[in-house]
Amino acid sequence: MSSTGVGVELPAGEAPPPPPRDSAFRRALLPLSFLGPALLLLFVWVVYPMVATMWRSLFNDRGTEFVWLDNYEQIFTDERLQTALKNNALWVLIVPAAVTAVGLVFAVLTERIVWSTAFKISVFMPLAISLFAVGVIWRIMYQQDPDRGAINAGLAAIQGQFGAEGVLSQASPSTDDLTGSIEQGFELDRTVQPGGVALLGLTAIRVPEIPEDAVQAVKPEPLQGGITGVVWRDFKAGGGTPGEVEQGELGLPGVTVELRDSAGDTIDETKAETNGTFAFDQVEDGEYHIAVASTTFAEPFEGVNWLGDKLITPAIMFAFIWVQAGFAMVITAAGLASIPRDTLEAARTDGASEWQVFRRITIPLLAPVLTVVFVTQIIGVLKLFDLILSIAPGSTQDEAATLAFVQWQVSFSGQNRFGLGSAIATFILILFIPFLIVNVRRFRADTS
Amino acid sequence: MTKQRFILLALLVGVLAFLAAGCGGDDDEAADTGGTTEGGGGEAVSGNISVLAVWTGAEGESFQAVLDGFKEENPDVTVSYKSAAEPATVLSTAVEGGNPPDIAALPQPGFMTDFAQRGALKPIDFAEDKIKEGFSDSWLDLGTVDGKLYGLFFKGANKSTVWYNAAAFEDAGVEPPADWDAFLEAGDTLKASGVTPYSIGGADGWTLTDLFENIYLRSAGPEKYDQLTKHEIPWTDPSVNEALTEMGKVLQSGNIAGGTSSALQTDFPTSVTQVFADPPKAAQVLEGDFVGGVIADETTAEPDTGFNVYAFPEINDSGPVVMGGGDVMVMFKDNPAARALIEYLATPEAAEIWAAKGGFSSPNKNVDTSVYPDELTKKTASELANAEVFRFDMSDLMPGAFGSDALFTLLQDFLKTPDDVEAIQKKLETAAASAFKSS
């Protein structure tokens, strides 16, 4: 393909070969013609936008005024960007190491199990899903309401097995006569003597929780030498009169009522009938308190607030590790397969324990592979954006944000703050440079 | 030169030429629209005009039906309709390139102001009398930039509505309240009946801004509303304090479905569907007329028996006041055919074509409300058209850094601590001051 090749083909006696100056030009032209289109595209799509972004980052948001480094100053002063910087640091410190470690553990373990291919496929599978879709899936899984979020539904089922059982999950007193809370029970303020009648009105009871056998509530007659009363849903359409047992208001069967002495200790308890009435027979003279027991109320499971401001970043990190573990496992497993078996055998023959073999031989030999995984993950983490957008609800986006996310948020989510956005983009590029250098050096070392 | 090298060079030249052509753009077809023959009048216009709007799918078909109605009246005019997901972006490019459509619908009046101030729009004062017949002053003011009428609001949205679970209201014996005190009282009664009164889609910040705007427009009045929109009064103003205090009464954790932390994770569609779940997680959701579409698409609730709607309650005798949105028709090229189309779109007949197909509210008060396909749309649409005062969604009129960012997150913070009104006011003012300064 070179000019000398052409020269050789020339039959003797014809025109002399072209002058050397021309041939040098031609020699340069050929590689240029191959590289040209690629270089041009590289310039148009990579170099020019990069330089233009850096230049743009020195202007204000509308691009009308040169503001020097004001935008960069904002990166270090703006509250949201500070959170993002902190989150970025957390991501870089935790996630690449975690992904590499999980990948290594899976790779070593799958070498030893029977169904290793099936296991590998199932760990690798999430990588086939787009990160945005992964985010949508986890956003639903993480929902706090156990009726919506799979994880909290699971936790609720476990808690339902061991938690307290009760006929109601929530209620509040209908008048000021009753005080207390669901945790302590609701106690009647005034004391009751034998022969007295206690009215325990409750409202805010969820309609589906009204016991099926409940019938019209009845105010019981006083009982000689005993204390009677009624516990009922003190609500009818429109509200009704609080504190009065009215037509249309239902008793609350199954509610536990406690008889407490003047010291506040429970001395007896009973359950309400279908019409809400209850009775304590043969009560000695004295002053008593009547209370709706806290055991009436099943401990409501609120659900873990995965998407709240405290747990949102760990929650997104977990989703990311879930995706990337498969990648790390496959690369590490490939590295593992290429480790010379005889070295391992030699170590074992010399009496090394399995842990020593792993620690002293496998890991050092795997180090180049682990570095590749680690560096790839750092780069992936630094540019992370889509998982945050799809998992974090609007209310905790600021708490979950990374630099790449804020860069998108300020530039393209309707804010049009392109000055600041360009500055953040440039800043991320600067953060990338050390890892790029490491990667290029490694690449050179590999090829030489 | 050998054959091989010639081919290589030719290829290189070809690639370069291709790239160069890509940068050139197509400016050949700039000037064939808007051709007219006879001028003036309103009769016998002819020509080709182009219209650009955001509507696609069923909405696109409905709008095409409206344009077909125009074609019937003006058989010599050919109207070509094109939709764009981001009309403002497409139009910016088209205006730069000197080739905008004749008429476009913009989703926010801010874009109209922008284009008008850049000199890209033609005033539509020729149709002013016709528009005055059907539209209240609020709509004319919204369509006016620097004293000239540029915009006709063809499609409106009523965001001053409350959608409720009819069975939950009936169980609690509650009637749709007309004023704010009755509204809060109804909330207490609903709570006592065992249903959480309100459903809040707190994961989406705009649901909270809509609630605030509805309260503020009523408690502070339209003048203050306009001033706050332009940041002529600070967010630390006592009127803001009053509105946020009232809003805080709604946002108490015990009053909203799932409590505060769950509400912060509830997106808008879920905030609607959970009101019509069985059993309902809340009795009512405070959002605009588009809630009706979500209920119809995603729940099995039937109108009247399952769900119903009432107007956002009055505060301090605020009267029939509506906060909402709308699509504004603007004219980029002045020619008789375009003028005729603007005049046509201002007529009740044009609006009725789409109104009959559903998913549409007309701000035109002369539209025959009996054409709306159901009672509830009829109700919300006539409230919109007959409002004495209409105000556009405030957050859409403010700089993006505040109206669609800081305001969202700060009202979400307020949802977390609804009793801490003054702290939120201070933060709102700081954010607003910096956003309005840099825009």
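In chain A, the axes of helix H4 (residues 79-110) and helix H8 approach within 6 Å and cross at roughly 45°, where axes are lines fitted to C-alpha atoms, for helices over the stretch in contact, and angles run from 0 to 180 degrees between N-to-C directions. The model is a predicted one, in which local features need pLDDT of at least 70 and side-chain atom pairs count only at pLDDT 80 or more, while totals for chains, interfaces and linings use all residues. Residues are numbered from 1 along each chain as its sequence is written, and chains are lettered from A and ligands numbered from 1 in the order in which they are written. Helices (H or I, at least four residues) and strands (E, at least two) are DSSP runs, numbered from the N terminus.

H4(A) and H8(A) are therefore oblique to each other, given that angles under 35 degrees count as roughly parallel, over 145 as roughly antiparallel, 65 to 115 as roughly perpendicular and the rest as oblique. The crossing of H4(A) and H8(A) is right-handed, a crossing being left-handed if the near helix is turned anticlockwise from the far one by less than a right angle, and right-handed if clockwise. The contact of H4(A) with H8(A) comprises 18 nonpolar, seven polar and no charged residues; Ala, Val, Leu, Ile, Met, Phe, Trp, Tyr, Cys and Pro count as nonpolar, Asp, Glu, Lys and Arg as charged, and the others, Gly among them, as polar.

For H8(A) (residues 312-337) and helix H10 (residues 354-382) of chain A, the axes come within 9 Å and cross at roughly 160°, and the two helices are therefore roughly antiparallel to each other. This crossing, too, is right-handed. The contact involves Gln324(A), Ala328(A), Ile331(A), Thr332(A), Gly335(A) and Leu336(A) on H8(A), and Leu366(A), Val369(A), Leu370(A), Val372(A), Val373(A) and Gln377(A) on H10(A), two residues being in contact if their C-beta atoms, placed from the backbone, lie within 7 Å. By class, eight of these residues are nonpolar, four are polar and none is charged.

The domain assignment of chain A gives domain 1 (70-152 + 306-447) and domain 2 (172-296), with bounds that come from an automatic or database domain assignment. The C-alpha centres of domain 1 and domain 2 of chain A are 57 Å apart.

The contact between the chains takes 34 residues from chain B and 31 residues from chain A. On the side of chain B that touches chain A, two or more residues come from each of several elements, including helix H1 (3-24), helix H8 (180-192) and helix H19 (400-416) of chain B, and H19(B) gives the largest share, seven residues. This side of chain B has 13 nonpolar, 16 polar and five charged residues. Chain B has 20 helices and 12 strands, and of its 439 residues 48% count as buried, a residue being buried if 20 or more other C-beta atoms lie within 10 Å of its own, exposed if 12 or fewer, and partly exposed in between, with C-beta atoms placed from the backbone.

Trp68(A), in the loop between helix H2 (20-56) and helix H3 (70-77) of chain A, has a positive phi of about 55° although it is not a glycine, and Trp68(A) is exposed, with 9 other C-beta atoms within 10 Å. A cis peptide bond, with omega about -5°, joins Asp278(B) and Pro279(B).
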